Amino acid sequence: MCAVEVNTLWSNVTPAAAGLAKLTGVHDTEIAIVGGGVAGISLAYHLAEAGMAPVVLEAATPGSDAAGKSAGVIASLPVRHSPYEILERYGDKKGRRLVDMVGESGKYVFSLAQKLVLDCAPQQTGFLAPARTVQEVERVNKTASEWRSFGYGVQSVDKDAINRLTGLDTYQGALLDPAGGAINPLAYVRELARAAAGQGARVYIDSPVIKLHKSGTGWRLESDNYTVNASKVVLCAGGGNCNLSAGLARTVLPFRVFQMATEPLDMKIREVILPENHAMTDVSPNIFSLRYDRDGRLITACPAFLFYNDKSRIIRFVEERLSIFSPLLETARIRYLWEGTPWIGRSVLPRVTGLSQGLLAVQACNGRGLAINTILGREVAGFIKQGHTENLNLSIEKPDPVRYHGLMSYLPAILVNSARLRSRMMHKFTGLHRYT
Ligand SMILES: Cc1cc2nc3c(=O)[nH]c(=O)nc-3n(C[C@H](O)[C@H](O)[C@H](O)COP(=O)(O)OP(=O)(O)OC[C@H]3O[C@@H](n4cnc5c(N)ncnc54)[C@H](O)[C@@H]3O)c2cc1C
């Protein structure tokens, strides 16, 4: 067995971000962005494209946190809310605009990648959300039909078709969004940072914001090496937002995930497993996801375990899991293993939070942030440029803290781990198919 690299696949296959420096000294700017993940860099790009010169303060390098640790699946449709539920929540007018923003977001990533010639291995081959149970099939069919009624080409796929499209006999049906697919997410953010800098954004690396406070009519951002005075600040630091604003401290819940990639798989396997190169994440609480990278490595994920953290045990678990889903994957060996934390908000919908005069935050990626946070960057840039919310496709909301936050922080992990346990027990006592 070859050694496993405890490192992201993406950092091994992506050229380093060039030409970016650490910030020192005292500076004034109209707009500062904290965090150079997908949200911060997309915002910087869209502001710079509109003629502004934002300063991006990134703690490490662009895309180094959740974005660059993600699977790179471009799936924009919300998992928990159908379009009609969004309308019900936000009203017809605002709701419709939000639905359209979300519905367009996957396509927008690929169009941006094409327009800016981003070298990020874009594969707009479609996104599958397969379902294992009758109830899950009903839910995905309903969601697909609602998106269709809003004019989106989302399809319902039957058992035969999903078995053929995945090469797995596990599923009873699926939702297919042809606008989805996959990218190399680290390359995407690095390349977008390059495009933003090319348009006049100033992106600084190794420049964490340690303190943020009001100063006159604006804001002061401080680190050991610099001070930045800004008229406006947008917090795009992912989970790090919580440390910078008391208002955000209890608004999101962590959901630790292990992400893995195999060696490139044999063509004979690839002709059967995801033969049309879709990206898939099933809708079970015990999530199973698969996609290929540009070189045919299979990428899969495994939510963290509650009681153990041992990497070799996790690798054994995932290799066994792959072989349970398909005997063809019995020989697939994990080559890269890494860990990341998507953050989950209460509503599981895209969210821009207004914290104070001149202080906004892009919040809660909900494990689907690549597409959503890209388009939020465009939205927030429009709002900043125009200075009013008239053309904004979503509302600027107040912080939405999670009640009993301390206890609830364990909830995402508990839900997944109990689904995992339930599946094992069902298999043991009823002989039903085991999904692990
Ligand atoms: C394991 C995993 C798998 C995922 N898979 C997918 C997927 O397949 N598809 C999908 O759409 N989404 C996926 N996600 C979610 C997606 O990665 C996030 O939604 C998205 O990256 C969030 O973007 P962001 O810019 O808000 O945050 P991040 O990408 O986390 O960026 C925040 C940035 O802020 C910086 N920062 C933090 N604190 C400070 C500070 N004090 N000062 C300066 N900078 C700071 C960080 O270094 C980081 O670069 C996954 C996430 C994980 C962790």
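Reply: A residue counts as buried when 20 or more other C-beta atoms lie within 10 Å of its own. The structure to which we apply this is a predicted model. In its protein chain of 436 residues, 50% are buried.

Me: What percentage of the contacts with a separation of 6 or more is made by residues 24 or more positions apart?

Reply: In the protein chain, 75% of the contacts with a separation of 6 or more come from residues 24 or more positions apart.

Me: Which residues make the contact of α2 with α8, and how do they divide into nonpolar, polar and charged?

Reply: From α2 the contact takes Val 38, Ile 41, Ser 42, Ala 44, Tyr 45 and Ala 48, and from α8 it takes Val 189, Leu 192, Ala 193, Ala 195 and Ala 196. By class, 10 of the residues in the contact of α2 with α8 are nonpolar, 1 is polar and none is charged.

Me: At what angle do the axes of α4 and α5 cross, and which hand does that crossing have?

Reply: The axes of α4 (residues 83-90) and α5 (residues 92-115) cross at roughly 140° and come within 7 Å. Only angles over 145 degrees count as roughly antiparallel; α4 and α5 are therefore oblique to each other. Their crossing is right-handed. On the α4 side, Pro 83, Ile 86, Leu 87, Arg 89 and Tyr 90 take part, meeting Asp 92, Lys 94, Gly 95, Arg 96, Leu 98 and Val 99 of α5. The contact of α4 with α5 comprises 6 nonpolar, 1 polar and 4 charged residues.

Me: How far apart are the axes of α5 and α12, and are these helices parallel or perpendicular?

Reply: The axes of α5 and α12 are 8 Å apart, at an angle of about 90°. The two helices are therefore roughly perpendicular to each other. In α5, the residues involved are Met 101, Val 102, Glu 104, Ser 105, Gly 106, Tyr 108, Val 109 and Leu 112; they meet Leu 370, Ala 371, Ile 372, Thr 374, Ile 375 and Glu 379 in α12. By class, this contact of α5 with α12 has 9 nonpolar, 3 polar and 2 charged residues.

Me: Where does Gly 369 lie, and is it buried or exposed?

Reply: Gly 369 lies in helix α12 (residues 369-386). It counts as buried, because 23 C-beta neighbours lie inside 10 Å. Apart from its neighbours within four places in sequence, Gly 369 is in contact with Val 38 and Ala 66. From C-alpha to C-alpha, Gly 369 and Ala 249 are 20 Å apart in space, while 120 residues separate them in sequence.

Me: How should I read backbone phi, and what is phi at Val 117 and at Asn 277?

Reply: Most residues other than glycine have a negative phi. Val 117 is not a glycine, yet its phi is positive, about 50°. Val 117 sits in the loop between α5 and β4 (127-131) and is exposed, with 9 other C-beta atoms within 10 Å. Asn 277 likewise has a positive phi, near 60°. Asn 277 belongs to the loop between α10 (267-270) and β14 (279-281), and its 14 C-beta neighbours inside 10 Å make it partly exposed.

Me: Which loop holds Val 348, and how far is its C-alpha atom from that of Gly 367?

Reply: Val 348 is in the loop between β18 (343-345) and β19 (351-356). It counts as partly exposed, with 15 C-beta neighbours inside 10 Å. The C-alpha atoms of Val 348 and Gly 367 are separated by 9.3 Å, and the two residues are 19 apart along the chain.

Notes: Residues numbered from 1 in each chain as written. Predicted model: local features only at pLDDT ≥ 70, side-chain atom pairs only at ≥ 80, totals over all residues. Axes fitted to C-alpha atoms, helices over the stretch in contact; angles between N-to-C directions. Helix = DSSP H or I, 4+ residues; strand = E, 2+ residues; numbered from the N terminus. Parallel < 35°, antiparallel > 145°, perpendicular 65-115°, else oblique. Left-handed = near helix turned anticlockwise from the far one by under 90°. Contact = placed C-beta atoms within 7 Å. Nonpolar A, V, L, I, M, F, W, Y, C, P; charged D, E, K, R; others polar. Buried ≥ 20, exposed ≤ 12 C-beta atoms within 10 Å, placed from the backbone.
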